[in-house]
Amino acid sequence: MRRLLLIALVSLLIISCNTGDDNGGDAYVATPSPLAVPQLFQDKLLDPVIPADNPQTVEGIALGRKLFFDPILSADGTQSCSSCHDPKNAFTDSKQFSVGIDGSVGTRNSMPIFNVAWNFNENFFWDGRAIGVEGQAFGPVTNPIEMKNTWPNAVASLQASSEYPDLFLKAFGTSTIDSTLVVKAIAQFERTLISANSKFDQYSRGEVELTPSELNGLNVFMDENRGDCFHCHGNPNSPLWADNIFHNNGLDETFTDRGRGLITGDPREFGLFKSPSLRNLAYTAPYMHDGRFATLEEVINHYSEGLVYSETIDPLMKKVSEGGVQLSEEDKADLKAFLLTLSDPSFITNPDFQDPN
Amino acid sequence: MRKFALLALVALIALSCNNDDDNSTTPVNVDFLFTHNFDGSPIENSDFDQIQYTNENGEQLSLSKLVYLISDITFTNSSGDVFDAGDYNLINVREETNLTFTPNIQIPPGNYTVSFTFGFDDEDNIDGAYADLNSADGGWNVPAMLGGGYHYMRMEGKFIDNTSTETGYAYHTIRAADMSTTPVTNQDTSFVVTLGTVTVSNDTQVEVKMDVAEWYKNPNLWDLNVLHTVLMPNFNAQIMMFENGSSVFSLGAVTQN
């Protein structure tokens, strides 16, 4: 009986020590590379959103970076992600509408890319049509006014290259490339694009002072009786400077672009677009979903005097019948000064974010 | 040894067969369901952005957003024992998120007076202290220049004003702060809602009803033409909202499943 008990005990120990990894056979794990979350974000925000099936790895990030800057994904090999998402423009471009490989021009302004892991709603693009960073990365390759490729063709190009099969092997444990792995790698790289070192971040950390003009601009931004920008664009305790929610901000009386409503079909969402982050405005002109404003002055003037009524206009747009909140010229200038403190020069020059090819 | 093994087996079977139902004193969780109506008419997602309500003052209005914070759901038994998980719940009516909430505390079955705090009381209303609220809705915070802490409620929509113009309103409740005084005058305008006595058993759900119309009714008849925007820095408006809030919530159905 003792022998039987001993056998049972040993068997139990063996079973207990079995791990899930054994079931996966040859599961490959690349070198983990957890996101370097800035202290400010650690202190103020929820953890970044990272899918369980796409952890950050050294090899995945490096592959994603190479893919991001490589025109191999486009139909004619002329355009990469970075063509419209340039580091020096905080990963947007300076055009009103980006131009596709065949000269096609869209109707939306290219969005900048940073702090995407903190988009807790996980809605991407101006109309939120893509879910998750990986979901976003699927779109441009086959978009007829962007890279105009097919995924089978893009994958075939990568598979035929002398470099990529080995890089996918190192990143994902397989040299058989597919679109899912491509967007996973790009998403890993994009999640590393963290911007948290603007002058205002430094002010929040107690490292620098703001000028009187910038401080007044901060107050204009937060004052419900003046700018009241914070209800959609965050505050020092919510340092993303975006709500990632959809609003009609009083641009048009009628809509040539239904925005969010185009995706949901809900008339209550016609003309709504996602609030972009106000970080890095110094590098992301022109502004609005259709890039209609070339300067920050034009943006501020819009909210001050340029609002127009439409049925879905957000209730937070004040004094619409008067065109807006009627800021003084001094408040406008100070608001602009404050907004520029949200720009992060170290982000656009970060060597880890530049073209490795 | 055989005897020992047999005893162990019997004990194991006995434990396996234990049923929670057999023990009426085993502590249990209590679920809450938050429902919303306008003078009794239920509010659902499809009701938003429709000018279909009329407040006590006669203004026709819509809701476009209704998000609010409750905290410190508290159970007090007849002996005066108090059970409070000290947690909170941010309810988004339009998006239908967090309409159900289970406080992170287990209490013995029995009869309890149930209450909660609308918003955060001053003890909890700590500027920037809650990462989930900082991350919600573009920041659920109140800027420092408006007194800091967190919103209690954001209720927004449109109404037909006295010039027949569709106008936005933003009925936002926060801790009242008069920033014009030195030092700043703060007044805690959160309030405790006492729902009444609830019998808690193994699987109890408590419905908490919000009647939105009550925000406009009493004791202060609310005129949106006068008070529709820039209410956060309006100390007196915050006091009026606080006063009107006392009749907004009530106990709905209590179900034992």
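Biologist: Is A:Gln136 buried or exposed?
Modeller: This is a predicted model, where local features need pLDDT of at least 70, side-chain atom pairs count only at pLDDT 80 or more, and totals for chains, interfaces and linings use all residues. Residues are numbered from 1 along each chain as its sequence is written, while chains are lettered from A and ligands numbered from 1 in the order in which they are written. A residue is buried if 20 or more other C-beta atoms, placed from the backbone, lie within 10 Å of its own, exposed if 12 or fewer, and partly exposed in between. A:Gln136 has 23 other C-beta atoms within 10 Å, so the answer is buried.

Biologist: Leaving aside its neighbours within four places in sequence, which residues is A:Gln136 in contact with?
Modeller: A:Gln136 lies in helix H5 of chain A; helices (H or I, at least four residues) and strands (E, at least two) are DSSP runs, numbered from the N terminus. Two residues are in contact if their C-beta atoms, placed from the backbone, lie within 7 Å. With neighbours within four places set aside, the partners of A:Gln136 are A:Phe124, A:Phe125 and A:Ala130.

Biologist: Happy with that! Which residues of helix H6 of chain A are buried?
Modeller: H6(A) covers residues 151–160. Seen down the helix axis, its buried residues fall within an arc of 95 degrees, so they line one face; the arc is that of the directions from the axis to the C-beta atoms. On the other side, A:Pro152, A:Ala156 and A:Ala160 are exposed. The buried ones are A:Ala154, A:Val155 and A:Leu158.

Biologist: How many residues of H3(A) are buried?
Modeller: Those buried include A:Ile61, A:Leu63 and A:Phe68, as well as A:Arg65 and A:Lys66. They pack against helix H4 (81–84), H7 and H8 of chain A. H3(A) is largely enclosed by the rest of the structure, because the buried count, out of 11 residues, is 9.

Biologist: At what angle do H3 and H7 of chain A pack?
Modeller: H3 (residues 58–68) has its axis 8 Å from that of H7(A). Axes are lines fitted to C-alpha atoms, for helices over the stretch in contact, and angles run from 0 to 180 degrees between N-to-C directions. The contact is made by A:Glu59, A:Gly60, A:Leu63 and A:Lys66 of H3(A) with A:Leu167, A:Phe168, A:Lys170 and A:Ala171 of H7(A). The packing angle is about 145 degrees.

Biologist: What separates the centres of domain 1 and domain 2 of chain A?
Modeller: Domain 1 is 39–194 and domain 2 is 199–341, with bounds from an automatic or database domain assignment. Their contact takes 24 residues from domain 1 and 28 residues from domain 2. Taken over C-alpha atoms, the separation of the centres is 27 Å.

Biologist: Which element of chain A gives the largest share of the side that touches chain B?
Modeller: Here 27 residues of chain A are in contact with 28 residues of chain B. The chain A side divides into 12 nonpolar, 9 polar and 6 charged, where Ala, Val, Leu, Ile, Met, Phe, Trp, Tyr, Cys and Pro count as nonpolar, Asp, Glu, Lys and Arg as charged, and the others, Gly among them, as polar. Helix H10 (212–222) and helix H11 (230–233) each supply at least two residues. The largest share, 4 residues, comes from H11(A).

Biologist: Where does A:Asp228 lie?
Modeller: A:Asp228 has a positive phi of about 45 degrees although it is not a glycine. Most residues other than glycine have a negative phi, and most peptide bonds are trans. A:Asp228 is buried, with 23 other C-beta atoms within 10 Å. Its place in chain A is the loop between H10 and H11.

Biologist: And where is B:Asp72 found?
Modeller: B:Asp72 is not a glycine either, and has a positive phi of about 50 degrees. With 19 C-beta neighbours inside 10 Å, B:Asp72 counts as partly exposed. In chain B, B:Asp72 is found in strand S5 (residues 65–77).

Biologist: Last one: what is omega for the cis peptide bond that joins B:Thr182 and B:Pro183?
Modeller: B:Pro183 lies in the loop between strand S12 (176–178) and strand S13 (185–187) of chain B. Chain A has a cis bond too, from A:Ala285 to A:Pro286, with omega near 0 degrees. For B:Thr182 and B:Pro183, omega is about -5 degrees.
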